[in-house]
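Welcome, and thanks for taking a look at this one with us. Please open the structure below and keep it at hand while you read through the briefing.

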Amino acid sequence: MQLPIHIVDAFTTERFKGNQAAVVPLEAWLPAATLQAIATENNLSETAFLVWSAERAAFEIRWFSPLKEIDFCGHATLASAFVLFAADAALRSITFWAAAVGNVTATQEAGGRIQMTFPRRDARPVEAPPAALVDGLTPRPLSYLVNQQAYVAVYASEADVRQVQPDLDKLTTLGPLDVVVTAPAPAGAPYDFVSRYFWPANGGVEDPVTGSIHAALAPYWAGQLGQNSLVGHQVSQRTGTLFCEVGDTTVQVSGHCARYLSGTITV
């Protein structure tokens, strides 16, 4: 069986930056073991698989890391929308459906930016953080929060976030939750907050850019900074930029993409 595949750098305008995602459109779902084998072979932070559902009037989407199926992935959704918009110049809006999050819409904006609408997934304070979290991050943060996806460790400055050294053995024991570290941007920066994302239990050491966690980070920083329009910057080695708009029940996360590869795989 031969299948189309696209590899896209998401949340960047520059090739070789942002976060890589593979996008594999399907006519019908293959067995989960086959999907996982493809994702493991790709060895990217995520591979997204798409199947059109006339019943839902949406593309059903599933995301796989090299290790396991993931409930929610923003950058691979952005990459999927990019591939679909590029294939149909008249297309302006796409609806994706995933079991864990329901509908996610993507809209093509002027200038090539794609806007996705996520449900808010606010993080709540953690009064007694687990020892593995406390001991798993050096230096220690100012405070801890958690949502259904990850623990959030809040630091005082971007410099602190850049200096964080994770103890991966300890953080792995927190699975299925991941860990994101975040701080406000320095004065004069072209962004409002920064982050790094560690997910040794679910996909790898450090995720280059993590769109999904901004459904928690953007509401948190909106409250801290007193503004609903924010720019997030993920300070991984590859880096990425996310434009966020916080609403009452949703977070709009926007970004650009750069295509790296289109081809065919044989399974």
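R196 and E206 form a salt bridge, with their closest N and O atoms 2.9 Å apart. R196 belongs to strand β15 (residues 193–199) and E206 to strand β16 (residues 204–207), so this pair ties together parts that are ten residues apart in sequence. Please keep in mind that this is a predicted model.

**Salt bridges**

- How many salt bridges does a search of the whole structure find? The search finds eight, and three of them, including the one above, are described here.
- In general, side chains of opposite charge can pair when their charged atoms come close.
- Another salt bridge joins the side chains of E158 and R162, at 2.8 Å from N to O. Both residues sit in helix α4 (residues 158–163), four residues apart, which is about one turn of the helix.
- Are E158 and R162 buried or exposed, or something in between? E158 counts as buried at 10% relative accessibility, whereas R162 is partly exposed with a relative accessible area of 45%.
- E60 and R56 also make a salt bridge, where the closest N and O atoms are 3.1 Å apart. E60 counts as buried at 18% relative accessibility, because buried means under 20%. R56, with a relative accessible area of 38%, is partly exposed.

**Cis peptide bonds**

- As background, most peptide bonds are trans.
- Which peptide bond has omega near 0°? The bond from T138 to P139 does, and it is cis. You can find P139 in the loop between β10 (137–138) and β11 (143–146).
- The peptide bond from G175 to P176 is cis as well, with omega near 15°. P176 is located in the loop between α5 (168–172) and β14 (178–184).

**Positive phi angles**

- Most residues other than glycine have a negative phi.
- F11 is not a glycine, yet its phi is positive, at about 65°. Look for F11 in the loop between β1 (2–10) and β2 (19–26). Although F11 is in a loop, it counts as buried, with 2% relative accessibility.
- A57 is not a glycine either, and its phi is positive at about 55°. The loop between β3 (46–53) and β4 (58–64) is where A57 is placed.

- T77 is part of helix α2, which covers residues 74–87.
- Is T77 buried or exposed? T77 is buried, because its relative accessible area is 2%, under the 20% cut-off.
- Which residues does T77 contact, once its neighbours within four places in sequence are left aside? They are I61, W63, F96, V104 and M116.

Key:
Residues numbered from 1 in each chain as written. Predicted model: local features only at pLDDT ≥ 70, side-chain atom pairs only at ≥ 80, totals over all residues. Heavy atoms only, no water. Helix = DSSP H or I, 4+ residues; strand = E, 2+ residues; numbered from the N terminus. Buried < 20%, exposed > 50% of the residue type's maximum accessible area, 1.4 Å probe, protein only. Contact = heavy atoms within 4.5 Å. Salt bridge = Lys/Arg side-chain N within 4 Å of Asp/Glu carboxyl O.
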